[in-house]
Amino acid sequence: MPITSIDGVMLKEMFLSGAALLERNRQNVDALNVFPVPDGDTGTNMSQTMSAAVRELNARSAPTVGDVANTVARGALKGARGNSGVILSQIFRGISRVLDGAEEMDAQLFAKALRQGADTAYKAVMKPKEGTILTVARVIAEDLEKEVLKTNDLMELMEFVLKSGDAILKKTPEMLPVLKQAGVVDSGGKGLMVLYAGFNAALHGEPIEDMELNQAAGMTLPGEFVDDHEALEEITFAYCTEFIVSHPKPEVRDSDVARLRKRLERIGDCVLVIGDLEVIKVHVHTNDPGKALQMALELGELDAIKIDNMLEEHRERQAKMEAQAAAQPKKFGMVAVALGDGLVEILKDLQVDKVVDGGQTMNPSIEDLLEAIEAVNSNEIFVLPNNSNIILAAQQAAELTEKTVHVLPTKSVPMGIAAAVAFQEELSGEENERQMDIAASNMHTGSVTYAVRDTNFDGKDIHQGDIMGLIDNKISTLGHEADEVSMEILDQMVTDDSGLITIFYGEEVAEEDARALYDRVVEKYELCDVEIHRGGQPLYYYLLAVE
């Protein structure tokens, strides 16, 4: 039977099903990344972005398609990680604009939503590149606009979306030579298609293969649900009540569990009842936690009871925020991204107010960056992303605050350090931005790490475990010893104009080994000053800065 419109309940199921399927295929999408460094990969970033959207969806009542779309867009934007996660959040942002205020979604609205999603994502990227997730989203939208003239059956149209997307995804290697060289399709586009496949499964009533619990029906696995009290816009029900029915009575059936869920919905919100007939996990926000416990006692024994007063938590947060607001703001503040205790200390010594954990191994979310910006007691902030995959997220975070934010396009921690050194309190924000940008641009960075997968990249056959030397994030040298690769890339980086070489050694490098490399560098480049610092960065043996 054709489906000509869907309501908020069905749209929610589609998002939950898509998120579940994406999580199950996260590693498969990661494997398509052609750049073999141990970085925050596409599948992981997109899945974590969707997890943030699901948390927001589970924490709020969203009865209409407009409510669902707005909730998902808000959650994805707050939790977006990496360029792929940010672009995905922008697709949802465009969809939410079309569905805003709508009770249900028909075929015409569906087509308009996907078109606006693609358009919004393109506008969010300064230099859109074809052959990526952007292309897949745009072509699907263009094809759908023609197909919707032939049918108003949403089930048929969703099937058409998958066919259109798969067709353009197969063409992405022809648009990006690096994909063709590696023999893979675009990972972001693949992640989007996995998500849409989950949408289609929910619309057709098909379970996700091998799923332990039916997430397409609105349930989440134990441990996936995160009750973020701070995300609540207002507190209607004061007590966050959680417990487990650990030993259900023998006569309890699935229908009794479903009845408990409905009864809890009458006395509260944010209701979660998951499990089987051996153990049942319950969560509810209510003004009568005793009644919730009494209802559950009818099914069996209660365990792990936890009741939090969210009103008191809210008062404590308000008091903390008011105390922060009362402090005299600084003229300027700085936020940087880095991972490694040594690098963090260096940045703090350079007047960086907040250092957000992240970088090569994990890209912080827009929300992480926004929280750091808001936490700095200044109305004008300089942000040092220190990674090319974080710059877009930092730019999006800057748009979400009323503060004046200068996002410096620093692609490595040494570039960020150079920018921070160039900062001068007496200059204006614009003058500082220019000075810091120039200083960062003059800093060339080498990094030494290992390959996490076999691939062919930029004409080089790379094998898992190879030691790689990168110059300004481009692979230049392969080898088997970290110190030898370090010397090789320094040979390429150091020129007659170079005056300073700085070595930051990682957490896996012994101090004596780092000192031995330092001695070799001092001996070879006697006309340069050479410094060495413990960076403590994971996965990267050395970061080498030349200026």
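Visitor: Which residues are buried in helix H14 (residues 341-349)?

Guide: In this predicted model, the buried residues of helix H14 are Gly342, Leu343, Val344, Ile346 and Leu347.

Visitor: Which residue with a positive phi follows H14?

Guide: That residue is Gln351, and its phi is near 75°.

Visitor: Let us step back to the whole chain. How many helices and strands are there?

Guide: The chain contains 20 helices and 18 strands. Its C-alpha trace spans about 80 × 55 × 45 Å along the principal axes.

Visitor: What does the radius of gyration agree with?

Guide: The value of 26 Å agrees with a compact globule, because a globule of 547 residues would have a radius of gyration near 24 Å. Of the 547 residues, 55% count as buried. Considering contacts between residues at least 6 apart in sequence, 70% join residues at least 24 apart.

Visitor: Now the helix pairs. How does one describe two packed helices?

Guide: One gives the angle between their axes and the distance between the axes.

Visitor: What are the angle and the distance for H1 and H4?

Guide: Helix H1 (residues 8-24) and helix H4 (residues 65-79) pack at about 30°, and their axes are 7 Å apart. The two helices are therefore roughly parallel to each other. Their crossing is right-handed.

Visitor: Which residues make that contact of H1 and H4?

Guide: H1 contributes Gly8, Leu11, Lys12 and Phe15, while H4 contributes Val65, Val68, Ala69 and Val72. By class, these residues divide into 6 nonpolar, 1 polar and 1 charged.

Visitor: What about H5 and H10: at what angle do they cross?

Guide: The axes of helix H5 (residues 82-99) and helix H10 (residues 187-203) cross at roughly 45° and come within 11 Å. That angle makes H5 oblique to H10. The crossing of H5 and H10 is right-handed.

Visitor: Which residues of H5 and H10 meet?

Guide: Leu88, Ile91 and Phe92 of H5 meet Leu192, Leu195 and Tyr196 of H10. The contact has 6 nonpolar residues, with no polar and no charged ones.

Visitor: H8 packs with H10 too. Are H8 and H10 roughly parallel or antiparallel?

Guide: Helix H8 (residues 154-175) and H10 pack at an angle of about 160°, with axes 10 Å apart. The two are therefore roughly antiparallel. The crossing of H8 and H10 is left-handed.

Visitor: Which residues in H8 and H10 meet?

Guide: From H8 they include Leu154, Met155, Met158, Glu159 and Leu162, and from H10 they include Gly189, Lys190, Met193 and Tyr196. The residues of this contact divide into 11 nonpolar, 3 polar and 3 charged.

Visitor: A last topic, Glu242. Where is the place of Glu242?

Guide: Glu242 is in strand E3 (residues 239-248). Glu242 counts as partly exposed because its relative accessibility is 22%, and a residue is buried when that value is under 20%.

Visitor: What does Glu242 touch, not counting residues up to four places away in sequence?

Guide: With those excluded, Glu242 touches Val282, His283, Ala304, Ile305 and Lys306.

Visitor: And what separates Glu242 from Lys411?

Guide: Their C-alpha atoms are separated by 44 Å, and the two residues are 169 residues apart along the chain.

Notes:
Residues are numbered from 1 along each chain as its sequence is written. This is a predicted model: local features need pLDDT of at least 70, side-chain atom pairs count only at pLDDT 80 or more; totals for chains, interfaces and linings use all residues. Side-chain values use heavy atoms; hydrogens and water are left out. Axes are lines fitted to C-alpha atoms, for helices over the stretch in contact, and angles run from 0 to 180 degrees between N-to-C directions. Helices (H or I, at least four residues) and strands (E, at least two) are DSSP runs, numbered from the N terminus. Angles under 35 degrees count as roughly parallel, over 145 as roughly antiparallel, 65 to 115 as roughly perpendicular and the rest as oblique. A crossing is left-handed if the near helix is turned anticlockwise from the far one by less than a right angle, and right-handed if clockwise. Contact means heavy atoms within 4.5 Å. Ala, Val, Leu, Ile, Met, Phe, Trp, Tyr, Cys and Pro count as nonpolar, Asp, Glu, Lys and Arg as charged, and the others, Gly among them, as polar. Buried means under 20% relative accessible area, exposed over 50%, partly exposed in between (1.4 Å probe, protein chains only). The radius of gyration is taken over C-alpha atoms; the globule rule is 2.2 Å times the number of residues to the power 0.38.
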